[in-house]
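Good morning, colleagues. Please turn to the structure on the screen, which I shall describe briefly.

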Amino acid sequence: MEEKHQKHAKITKKQNDTFATNEVAILGTNCTVIANLVQNVSLKLSNYNLAYFDASHAKDVAQNTLTEYTFHQQGNLEIKTTSSVNKFEQRLQFINHDLVFINGNHYQGAKQILILDTEKEASIEKRLDQITNIQFIIKRTSDVPYFDCLLEKFPQIKNITSYEIDEIDKITQHIENVIKEHIAPVKGLVLVGGKSTRMGTDKSELEYYGKPQKQHAKELLESNNLETFYSVQTSSEKASSDEIQDTFLNLGPFSGVCSAFQKDPNSAWLVLATDVPFVDKSLIKLLLEKRNPSKIATAIKGKNSEFPEPLITIYEPKAYTKLLQYIAQGYSCPRKMLINSDIEIVEVDDNLIRNINTPEEFEMAKKILEI
């Protein structure tokens, strides 16, 4: 049988809703009620990165001839753009957000919060095809009935969790659960096979604990319950299932991180180098405990160091897009991306994360570890 022509390269796609990684459309009442609900909930969830996707209600808007960016010194940004709605562009715009609220009166979201409003039964009936995955229901009044059109399409709708519109704390808690359900799992990545020019030999093969350091580092991550892989420049003839070969070539550690994301863009990756032998199980545990999935990454930094350590870092899935944006600008240093992004920093004693780069440093480190 003739093989079917493969039009596109086989590549693991990032999990997305329609316009964002995680979105929920709110529909069933007027736009003011929806906007107010979003504002009230967002105030209580200020530790997350949230967005609101709405349509302009202005009747007459002149077409922009250029895109305007108005920055406020406190960080607010107003954009007036020439762009039209395009789900692929919106996914890029919303990459940093933990949840995007959508005004469901104007745009269809992959998940929905359905508001029951007696005056809007006709509106719901008109949008029945847009209601596909109800997260929960909000009643504008306690006596509002379930509309016949909803009962016909969703016979079990009365079993779906419901709140009254003024139960903001309960609504907020439920929305926070929607955010937490989308937190990515963490996998481990041990970087091996660097040039090691100063050491004169492959640093990942050096033994501090009676075994190659790459094996020790992998066991360290696995002891913290992480499925862990080796990042390698080229696979051996008998390539192991725990190896991820560089698909981004000649970019150093940047290659390893991006290649891991290409294999699995829906997981976070805890990256660990093999030239930091003083990193122990408790430090990895601390990094995992301090992980902040709302940030681009959670990185270790020495208390007396100016910059974070890019090779003892948890990179969130959203970091993949950031890294690709930096390589598109000609930068292949993960640290540069971390320094210029919103990250969580975990400070530790500098001695715990010191690099071992020369034979002299290797011998000294072995003596310290033997004590």
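By contact I mean heavy atoms within 4.5 Å. In that sense, and leaving aside residues up to four places away in sequence, Tyr315 touches Val257, Phe261, Ala268, Trp269, Val271, Ile296, Ala297, Pro310, Pro334, Met337 and Leu338.

The model is predicted: local features need pLDDT of at least 70, side-chain atom pairs count only at pLDDT 80 or more, and totals for chains, interfaces and linings use all residues. Residues are numbered from 1 along each chain as its sequence is written, and side-chain values use heavy atoms, without hydrogens and water.

Let me turn to the domains. An assignment, automatic or from a database, gives domain 1 (23–181) and domain 2 (186–369). Their centres, taken over C-alpha atoms, are 39 Å apart. Seven residues from domain 1 and six residues from domain 2 make up the contact.

How much area do domain 1 and domain 2 bury between them? The value is about 500 Å², with 44% of it on carbon and sulfur atoms; buried area is the accessible area (1.4 Å probe) that two parts lose on being put together, summed over both. On the domain 1 side, Ile95, Asn96 and Asp98 lose the most area to domain 2, together 71% of what that side buries.

Asp98 also takes part in a salt bridge with Lys318, whose closest N and O atoms are 3.3 Å apart. The term denotes a side-chain nitrogen of Lys or Arg within 4 Å of a carboxyl oxygen of Asp or Glu. Between domain 1 and domain 2, the count is one salt bridge.
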